[in-house]
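Subject: Structure for you to look at

Hello,

Here is the structure I promised to pass on. Please open it alongside this message, and my notes follow below.

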Amino acid sequence: MARRIDYGRIAVILSVIIFLIFAADFIRRAYHDWRGQNGQLIVQTNSSIDPYGTSLPPTTPDHQTSTTTTTTTTSNPDENLPKLTLLGSEVYTGSLVLVNETLHWQGQSALVAFSELNYANFRLPTRSLQISKSMSNDLIRMFNDFYAATSLGNVMIYATTETPKAAAYQVSMPERASGLSIDLALWDETSGTHSPYQPNGNYGWLQSHCAEYGFVQRYTAEKTEQTGVEQQVWHYRYVGIPHAQYMTQQNLCLEEYLELLRTAHGADAPLSITANNGNYTVYYVPAAEGGGMTEVTVPKNLPITVSGDNQGGYIICIQNANS
């Protein structure tokens, strides 16, 4: 007797197999998205990842605080070099994203409340204020060094992700949604009141040294035409240490810096930056058309930080081996 084929059972088995394939792909993408919430990519083929997503290089420099985001690292068979596969959504995430009245915040940022952080040398109106995890270590270190240099501990981080009701801070700044900016105030211990931060006397230390910790005064009087925002001496933005130092040295606002990279420093003509913790190679890579994946060949065993610019491209930052 001929053996009858059970097509129904075969169909069920095939359906299960297809379901498992799609489930595995969904889990992989979900994991990538979860990793991507930290706002930047740092890739090292021989590093470990801590619970906050910070990739630890073979020799961790003093100011290495970049965080990890998505992507797949594969081997390039032709050049025997690793490749980064950057998702289209990563254009909107990272410390260099430009956010303003025209370019809205579209990224994901892993926020952390100050109640979860170990800090001592600044004040807060409430410990529930949140900032991007990617800048938390540098922020705390900056204020620790500020206190060590000046013995002043009354600077208040008055606002972060939301526009406060206090008059001095009511200017709408869309980049606050990223968690990468802070608004400062000065707390008066005697009266129990605060006033907007002014870089006078020893308080000027923060303005003079903030680039060493990855921060810039976002809106200055001389760059109003480029930024579209009047001077705000109390509003600071985290962009990352090498970028902040170059912007400060060359007197560039974020708009000018991103334009410089996009127009003059692609992979074939990278920008060389010397910052307080080493030497860096920085260049711009346009995102693939249609929001697809973009592959970038990178050197082995070097810390590589990637940030989107919120304008259709990525900024690649390689910390060189002699750093």
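I counted a salt bridge wherever a side-chain nitrogen of Lys or Arg lies within 4 Å of a carboxyl oxygen of Asp or Glu. Please keep in mind that this is a predicted model. By that rule the count comes to ten salt bridges. One of them joins the side chains of Glu175 and Arg218, with 3.2 Å from N to O. Glu175 sits in the loop between β8 (155-159) and β9 (181-188), while Arg218 belongs to strand β11, so this pair ties together parts that are 43 residues apart in sequence.

The largest pocket holds about 300 Å³ of space, and 17 residues line it. Nearest its centre are Gln217, Thr220, Thr248, Asn251 and Leu252. Both β11 (215-219) and α5 supply at least two residues of the lining, and the largest share, three residues, comes from β11. By class, the lining of the largest pocket has eight nonpolar, six polar and three charged residues.

That brings me to helix α5 and its partner. How do the axes of α5 and α6 cross? Helix α5 (residues 241-249) and helix α6 (residues 254-264) have axes that come within 10 Å and cross at roughly 105°. Angles from 65 to 115 degrees count as roughly perpendicular, so α5 is roughly perpendicular to α6. On the α5 side, the contact is made by His243, Tyr246 and Met247; on the α6 side, Leu254, Tyr257 and Leu260 make it. Sorted by class, the residues of this contact are five nonpolar and one polar, with no charged ones.

Best wishes

How values were computed. Residues are numbered from 1 along each chain as its sequence is written. This is a predicted model: local features need pLDDT of at least 70, side-chain atom pairs count only at pLDDT 80 or more; totals for chains, interfaces and linings use all residues. Side-chain values use heavy atoms; hydrogens and water are left out. Axes are lines fitted to C-alpha atoms, for helices over the stretch in contact, and angles run from 0 to 180 degrees between N-to-C directions. Helices (H or I, at least four residues) and strands (E, at least two) are DSSP runs, numbered from the N terminus. Angles under 35 degrees count as roughly parallel, over 145 as roughly antiparallel, 65 to 115 as roughly perpendicular and the rest as oblique. Contact means heavy atoms within 4.5 Å. Ala, Val, Leu, Ile, Met, Phe, Trp, Tyr, Cys and Pro count as nonpolar, Asp, Glu, Lys and Arg as charged, and the others, Gly among them, as polar. On a 1 Å grid over the protein atoms alone, a cavity is a set of points where a 1.4 Å probe fits but cannot get out, and a pocket is an open set with protein on both sides within 12 Å along at least five of seven lines; lining residues have an atom within 4 Å of a point. Grid points are joined across faces, edges and corners, and a volume is the space filled by probe spheres set on the points.
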